[in-house]
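Here is a briefing on one protein chain. Look over the sequence and the coordinates, then read on for the computed details.

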Amino acid sequence: MSWTASAPYDAEPDRLLWFDGATPRPVLAGVVASIVAAGAHGLDPADYDAAGIAEQWAGIRAGGASGPELALFDTAVSVAAARMAVAVHGGRVDPATMMWGYDIGHRQVDIADTLARVRDGAEFEGVLDGLEPAVSHYARAKRTSS
């Protein structure tokens, strides 16, 4: 994974990736929906705190969230999205342990770039779809875990 802790946030004047001030960026609703629907990618939503993020999102949409609450939520969304991107891109199981005959050691995802593309308007679901390995084993594993 290529990402320093502050890289995605460095270019943000308010140090929030998913908000302009206190206003959610238009893509945020879709990112939250994708986290909640992690199962569509063969992932367990609980591994990404989907229920907590959905609950916090409902509170934020209702209004009145403080600056620290927005910052914590912003970070939680970034961490969940980054972890999902890595899991979808490289898989949650090392293929070497399955004796499938291929190595994913060279397959890295640039998390800072991925989050920036989504923040700038790319649909997170489409980004995740594009990160999936193009091997039949992955598609089969995804189908059986959904």
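A salt bridge here is a side-chain nitrogen of Lys or Arg within 4 Å of a carboxyl oxygen of Asp or Glu. By that test, the side chains of Arg119 and Asp120 meet in a salt bridge, at 2.6 Å from N to O. The model is predicted: local features need pLDDT of at least 70, side-chain atom pairs count only at pLDDT 80 or more, and totals for chains, interfaces and linings use all residues. Residues are numbered from 1 along each chain as its sequence is written, and side-chain values use heavy atoms, with hydrogens and water left out.

**Confidence**

- The chain has a mean pLDDT of 83; pLDDT is the predictor's confidence in each residue, from 0 to 100.
- A value of 70 or more is reached by 75% of the residues.
- Helix α2 has the highest confidence, at a mean of 98.
- Helix α8 (residues 136–145) has the lowest, at a mean of 58.
- Where pLDDT is low, the predicted coordinates should not be read in detail.

**Overall architecture**

- The chain holds eight helices and two strands. Both kinds of element are DSSP runs, numbered from the N terminus: helices are H or I with at least four residues, strands are E with at least two.
- Read from the N terminus, the order is α-β-β-α-α-α-α-α-α-α.
- Of the 146 residues in the chain, 36% are buried. Buried means under 20% relative accessible area, exposed means over 50%, and partly exposed lies in between (1.4 Å probe, protein chains only).
- Among contacts with a separation of 6 or more, 71% join residues 24 or more positions apart. A contact means heavy atoms within 4.5 Å.

**Aromatic cluster**

- The whole structure contains two aromatic pairs. Rings of Phe, Tyr and Trp (its six-membered ring) pair if their centres lie within 6.5 Å; planes under 30 degrees apart count as stacked, over 60 as edge-to-face and the rest as tilted.
- Phe19 and Phe73 are edge-to-face, because their ring centres are 6.2 Å apart and their planes stand at 70 degrees.
- Phe19 sits in strand β1 (residues 19–20) and Phe73 in helix α4 (residues 67–90), so this pair ties together parts 54 residues apart in sequence.
- Trp57 and Phe73 are stacked, because their ring centres are 5.9 Å apart and their planes stand at 5 degrees.
- Trp57 belongs to helix α3 (residues 50–62) and Phe73 to α4, so the second pair ties together parts 16 residues apart in sequence.
- Phe19 and Phe73 are both buried, and Trp57 is buried too.
- Phe19, Trp57 and Phe73 form one aromatic cluster.

- In α2, the buried residues are Leu28, Val31, Val32, Ser34 and Ile35.
- These α2 residues cover an arc of only 160 degrees around the axis, which puts them on the same side of the helix. The arc is that of the directions from the helix axis to the C-beta atoms.
- Cover for the buried residues of α2 includes β1, β2 (23–24), α3, α4, α6 and α7.
- In helix α7 (residues 124–131), the buried residues are Phe124, Val127, Leu128 and Leu131.
- Those α7 residues cover an arc of only 100 degrees, so they lie on the same side of α7.
- The buried residues of α7 pack against α2 (28–36), α4 and α6 (111–119).

**Salt bridges**

- The search of the whole structure finds three salt bridges.
- Side chains of opposite charge can pair when their charged atoms come close.
- Asp20 and Arg25 meet through their side chains at 3.2 Å, N to O. Asp20 is partly exposed, with a relative accessible area of 45%, whereas Arg25 counts as buried at 16%.
- Asp113 pairs with Arg117, with the closest N and O atoms 3.3 Å apart. The two residues are four apart in helix α6, so about one helical turn separates them.
- Asp113 is partly exposed at 39% relative accessible area, and Arg117 is partly exposed at 36%.
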